[in-house]
Amino acid sequence: MLDTFHKLTLEAKTTAYDFYHTILQQTDALELGSMPSRCNDFHRAFRFWHVLLMLKRAGRGNDPTGVLCTQEGKLTVECPACPHPTKNLPNNWAAAGAMLFLYTLFLVVDANFKLKGKARKINDVELAPGMGCFVEENKYQQHLTQYVNESEISTCLSERDAIVRAAVWCMPGYDVTGVGIVICSCHGFVQRNGAGDLQKGERYSNMDYIIFCALLWTPLAQFVITYDIACQWSKNMPKQMDKLPKKIQLDLEQTTITAAVPSWHINSHGADCQTNYALAYRLGSGRTCGDKIESTWSQTNVLRASVHEMASGSLLPKKLCKAADMKEQHHKAFIKLSATFSEDVKAKWTEMVSQWESDPLNRPNPYEDTRIDSTLQDVRLQLSKEDAEEAAQGGISAHQTSMSSFLMTGIELEEQQQTLKLQIKGNRLTTSKQKADLEDKRSGLGWCINQWRDVQVVYAPCVATLLPSTTIDDTEGQQCTTPEDLTLYLPSALSPTLQSTIPLLVEKEKKLREAQCDDALGEICCQRHILTGLVQFKKLNLAGQGNKLNTWVCLLYNQIQAKVMKADMRYQAAHAALSTLDPNRDWSLRLQVLKPGNICGPGKDPEEVSNRRFIMSWIWLVPRARLEGPDELRGDDLDESQWVKARARVQHWEEEYLLVQEEMR
């Protein structure tokens, strides 16, 4: 019966109370007889049986020193695939040199706030203190008494939930508000003394003690710890370790601890964290994602369906085949990319990566995207300077409005037309006021276009023959063309024959259109960032809060989505103009055709099933356009981050191939 209940607690999350009363129903369903409750006796018997079973399986009955001499964490089942000195490593593993990453222990740290314990004021007897996964309670509580009023400071832009909970989390009536845990990243085994109760959120004092207790029993040279707040935890980790008991402190001169943010959690962090704490740029990490802890919580949370991610033995052969295939694919792609650069440039970039890997705190991060802020207004300023230089050299302008200002005004009028079309499309115009407002907007736009036409015929005389076919005012026998539907006849809308008569105007529009594409993409990315944060805020804070707040969020969402649509229309118009003015040139490699499916991100959408299959949309990867000039960055600088990232992908698949082979050894 005890064995049956043990299986039910693991598989069906059945409590002792429910199991006991199920037995009672099987024995006396009508409750005709009366008998005293034996639920507490059953619970006590199961605890004794469970501890005796663990001691038996650990072989403690054969130890002459007895059960009381059992080391802390000795009853924990260790992961057979992870590295353990004197057990599954070569004798000379410490002298592996560049291949030392094969003997690195990858760990995941996290906390769960669904596993709570009420303050029942019961002095219960601990049958196996510190012998299993949990830390020894008395030593743990003695350590925490020194940090009752510890303050948690965060400088991360993401404001991770762990930091917020540590500062404000308080649950009256509960002694335990959650559980902190340390597991191996690849296989999900809980480490020796790698778990502990939390009293007030995910505080550093609690988590530091649990983490270093788990590291104590595996004397390796390298550890990689993934933690959703690793960007904060790692900054003061050496100082925090000095406050821990001497027994669990590590010699950081002999042991390297690398902290990183898991691949899924890092999407909600800022740009600094995404480059400095990403596993994708850590040497020797292979294809480790660091999110294995989420599948562990799915098995322990009673209120969630059990999702068993613990794979069978057939997983490793599949991982090996996939790693071999992806290693080959990325290697071929990297060779093609490297062929476009000189050997000196590649050697320079490789040296920069090596310097950053040896000293990441003081060396510039080569994986950071190069930002060259060239906006539409920057190009406008540059063209205005060119107009001023021409005037200084004795050039006479054909009109008091400069050529650059004329083009900028034309592009602005085009955007106003698109905005008006979008407003008309989204409104039914059922009231007289709505119709009157629309006519006022049309009148204002029509007047601006007529004023702009006077300048247009000066700088583009070839357009004069096209203008009589479009009119704003009603004439007899002609149908009125509304201002938003008028063709402006910018150089990009003309035929190649007519474009050849205004080459200077065509060249200036090319520059403006490329900058317009960059501005539109920047606006799309900015608004998508806001939308992603808004959706997350709604899920975490407004679920079940009533219709008023949710309606407000929906209205705000629609407003931001409208801005995304306007930016999309701007990009489509600018891209179409560039395709006409300068087809199949360098800009087309950077500024691709924008499809509806490309407007997503920055992270993985909830409906996507796998982080491994997730590919970031190209709009987040496109480098910004650059201005010409002696002080601007060269093209090689824009390609640097892309080349080193491609190199990192090749290295990680090669590392993954070797790591899986080592796990199977």
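So, the sheet: five strands make an open sheet, in the order S5-S4-S1-S6-S7, and the pairing is mixed. Two strands count as paired if DSSP finds at least two bridges between them. One caution: this is a predicted model, where local features need pLDDT of at least 70, side-chain atom pairs count only at pLDDT 80 or more, and totals for chains, interfaces and linings use all residues. Residues are numbered from 1 along each chain as its sequence is written, and side-chain values use heavy atoms, with hydrogens and water left out.

Which strands sit at the edges? Strand S5 (190-198) and strand S7 (256-260), each pairing on one side only. On average, neighbouring strands here are turned by 20° against each other, direction ignored. Those angles run from 0 to 180 degrees between N-to-C directions, using axes fitted as lines to C-alpha atoms, for helices over the stretch in contact.

Look at strand S6, residues 222-227: S6 pairs with S7 in the parallel sense, over five bridges. In that pair, Ile225 stands opposite Ala259 of S7.

Now helix H6, residues 204-216. H6 lies across strand S1 (105-112), strand S4 (178-184), S5, S6 and S7, and runs at about 165° to S5.

Over to a helix pair. Helix H1 (residues 2-11) packs on helix H3 (residues 39-57) at an angle of about 85°, and the axes are 11 Å apart. So H1 and H3 are roughly perpendicular; that label covers 65 to 115 degrees, with under 35 roughly parallel, over 145 roughly antiparallel and the rest oblique. Who makes the contact? From H1, Leu2, Asp3, Phe5 and His6; from H3, Phe42, Ala45, Phe46, Trp49 and His50. Contact means heavy atoms within 4.5 Å. By class, that's six nonpolar, two polar and one charged.

Next, Pro238, which is in helix H8, residues 237-242. Pro238 and Leu250 are 12 residues apart along the chain, and their C-alpha atoms are 9.6 Å apart.

Last, the whole chain. There are 20 helices and seven strands, and 43% of the 665 residues are buried. Of contacts between residues at least 6 apart in sequence, 75% join residues at least 24 apart.

How values were computed. Helices (H or I, at least four residues) and strands (E, at least two) are DSSP runs, numbered from the N terminus. Ala, Val, Leu, Ile, Met, Phe, Trp, Tyr, Cys and Pro count as nonpolar, Asp, Glu, Lys and Arg as charged, and the others, Gly among them, as polar. Buried means under 20% relative accessible area, exposed over 50%, partly exposed in between (1.4 Å probe, protein chains only).
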